[in-house]
Amino acid sequence: MFPDNILNITVELLLNESYARRDQVCVLAFRAGQAQVLLPPTRSLVRAKRALSGLPAGGGTPLASALRLSLEMAHQQVRLGVTPVLVVLSDGRANVNLQGVGGREEAQRDARAMAQAWAQHRFTALWLDTSMQPDPLAQQWAALMMARYLPMPYAPSARMADAMRLVLHDATP
């Protein structure tokens, strides 16, 4: 189980880093086998924190749905002249397919297609592995997406801030 306090610290750090740069933050979450937008792109740190309060953890991982929705949101932002950066907090254990049905093999096939689509668009991403130990599966997803990979349990806040700075710097046109 991923400790809630580490998740809260990580999210706070990401929000503060984004707020300091005056970036917009969009929050997507897994719910009922699909990914949903909890918070449309905003610069409001208060709204972002409110959207994250009480965010449930655990349950199915519709990774393909989350990546597809992230890709759609990224395209919207590009049309508005914004450079999208995706930060994924996940162990990468996809087990819900694009239709919202369980089944690891099909879920991973769908997620693989969405990860490759992300990479084809050359959008910037950072994968924060929420596993208790660095997980080769999460590393594979990050590699497929051409994302930077950072295992969470061993990432002190300063290291996470450094990773965010690098990713944001790389995304600057």
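Q: So what order do the three strands take in the open sheet?
A: This is a predicted model, and in it the order is S3-S4-S5, with parallel pairing.

Q: Which ones are the edge strands?
A: Strand S3 (85-90) and strand S5 (148-151), each of which pairs on one side only.

Q: How much are neighbouring strands turned against each other?
A: By 15° on average, direction ignored.

Q: And over how many bridges do S3 and S4 pair?
A: Six, in the parallel sense; S4 covers residues 124-129. Leucine 89 stands opposite leucine 128 of S4.

Q: Which helix packs on the sheet?
A: That's H5, residues 136-145. H5 touches S3, S4 and S5, and its direction makes about 180° with that of S4.

Q: OK, switching to helices. What's the angle between H3 and H4?
A: H3 (residues 63-79) and H4 (residues 104-120) pack at about 20°, and their axes are 8 Å apart. That angle is under 35 degrees, so H3 is roughly parallel to H4.

Q: Is the crossing of H3 and H4 left-handed or right-handed?
A: Left-handed.

Q: Which residues make the contact?
A: From H3 you have Leu63, Ala64, Leu67, Arg68, Ser70, Leu71 and Ala74. H4 brings Ala107, Asp110, Ala111, Met114, Ala115, Ala117 and Trp118.

Q: How do those residues divide into nonpolar, polar and charged?
A: The contact of H3 with H4 has eleven nonpolar residues, one polar and two charged.

Technical notes. Residues numbered from 1 in each chain as written. Predicted model: local features only at pLDDT ≥ 70, side-chain atom pairs only at ≥ 80, totals over all residues. Heavy atoms only, no water. Axes fitted to C-alpha atoms, helices over the stretch in contact; angles between N-to-C directions. Helix = DSSP H or I, 4+ residues; strand = E, 2+ residues; numbered from the N terminus. Parallel < 35°, antiparallel > 145°, perpendicular 65-115°, else oblique. Left-handed = near helix turned anticlockwise from the far one by under 90°. Contact = heavy atoms within 4.5 Å. Nonpolar A, V, L, I, M, F, W, Y, C, P; charged D, E, K, R; others polar. Pairing = 2+ DSSP bridges.
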